[in-house]
Amino acid sequence: MKTAIIINASHEIQRTILANEDTLESLDRAIGDGDHYINMKRGAQAIVEIETELAVLSPEAALNKIGLKLLSTIGGASGPLLASFFISMGKALQSYEGESHLKIATAFAAGVQAIIQRGKANLGEKTMLDVLIPVSNQFLLLAQQNKDTSVICEHLIATAEQGMLATKDLIATKGRAAGLGERAIGHIDPGAKSCQLMIASVCNLILKP
Ligand code: ADP
Ligand code: MG
């Protein structure tokens, strides 16, 4: 993985977040406090703004810096969770030799584990983890099977979409929506939606000829 890809991905993510203002805002208004779009927009903006500082760093150091920046810019529950993802992903990349899909999948999985630990949530609790855990598992599996980049990206886009849609029928047991009980049913989780959008935008960027 190259730092330039991380920078391109941050621009793609910002574009996607901005293009989905209505969706993200209305989802968090329905089962949260309505600030998820603002939080994600602020985070994406902060990363794009440090582009030149990131460009001179190794991918590992760039991910660490992104995590620290998110920690200081995004409020709410999602800030520290996403921050821990990038910090742990960077750390895991550092301790893994070579260049392979498996290296990136392993680092991605370490990032997801950090979210699990920090937020004390797991699959089926109507959070971003309902996208991130299946995507991470699928990524590891496909990487272990030595699948091509395009096959991996297409599968991950589909898995993220499924995970995001599956949150609609769940009761939330973590985060703000946990207090709503059955009233949360019928609404997609905002964090799951933003993670699905980010994964799709990065995969589509990689798929571009
Ligand atoms: P806040 O909930 O503080 O207003 P945001 O609106 O930015 O923060 O983020 C809400 C999202 O954070 C939720 O939709 C959910 O996906 C995610 N989330 C909340 N708590 C947790 C947790 N403990 N573990 C994983 N994700 C969580
Ligand atoms: Mg919120």
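**Order of elements.** I started at the N terminus and read the elements of the protein as α-α-α-α-α-α-α-α-α-α. That makes 10 helices and zero strands, where helices (H or I, at least four residues) and strands (E, at least two) are DSSP runs, numbered from the N terminus. Next I checked the radius of gyration: at 16 Å it is close to the 17 Å that the globule rule gives for 209 residues, so the protein is as compact as a globular protein of that length. For my own record, this radius is taken over C-alpha atoms, and the globule rule is 2.2 Å times the number of residues to the power 0.38.

**Ground rules.** I am working with a predicted model, in which local features need pLDDT of at least 70, side-chain atom pairs count only at pLDDT 80 or more, and totals for chains, interfaces and linings use all residues. Residues are numbered from 1 along each chain as its sequence is written, chains are lettered from A and ligands numbered from 1 in the order in which they are written, and side-chain values use heavy atoms, with hydrogens and water left out.

**Whole protein.** I found that the C-alpha trace spans about 50 × 35 × 35 Å along its principal axes. Buried residues make up 49% of the 209; buried means under 20% relative accessible area, exposed over 50%, partly exposed in between (1.4 Å probe, protein chains only). I then looked at contacts (heavy atoms within 4.5 Å). Of those between residues at least 6 apart in sequence, 65% join residues at least 24 apart.

**Helix 1.** I compared the length of helix 1 (residues 3–19) with expectation: its 17 residues should span 24 Å at 1.5 Å a residue, and its end C-alpha atoms are 25 Å apart, which agrees. The expected span is 1.5 Å times one less than the number of residues. Its buried residues include I6, I7, I13 and I17, and also E12 and Q14. They pack against helix 2 (21–31), helix 3 (36–49), helix 4 (51–55), helix 5 (59–73) and helix 10.

**Helix 3.** I counted 14 residues here, reaching 20 Å from first C-alpha to last, close to the 20 Å expected. Among its buried residues are H36, Y37, M40, G43 and I47. The partners of the buried residues of helix 3 are helix 1, helix 2, helix 4, helix 5, helix 6 (78–94) and helix 10.

Phi of K120 is near 50°, a positive value in a residue other than glycine. K126 also has a positive phi, about 60°, although it is not a glycine.

**Helix 8.** I noted L129, L132, I133, F139 and L142 among its buried residues, along with D130 and Q138. Against which helices do the buried residues of helix 8 pack? They pack against helix 7 (101–119), helix 9 (149–166) and helix 10 (190–207). Just after helix 8, I found N146 with a positive phi of about 60°.
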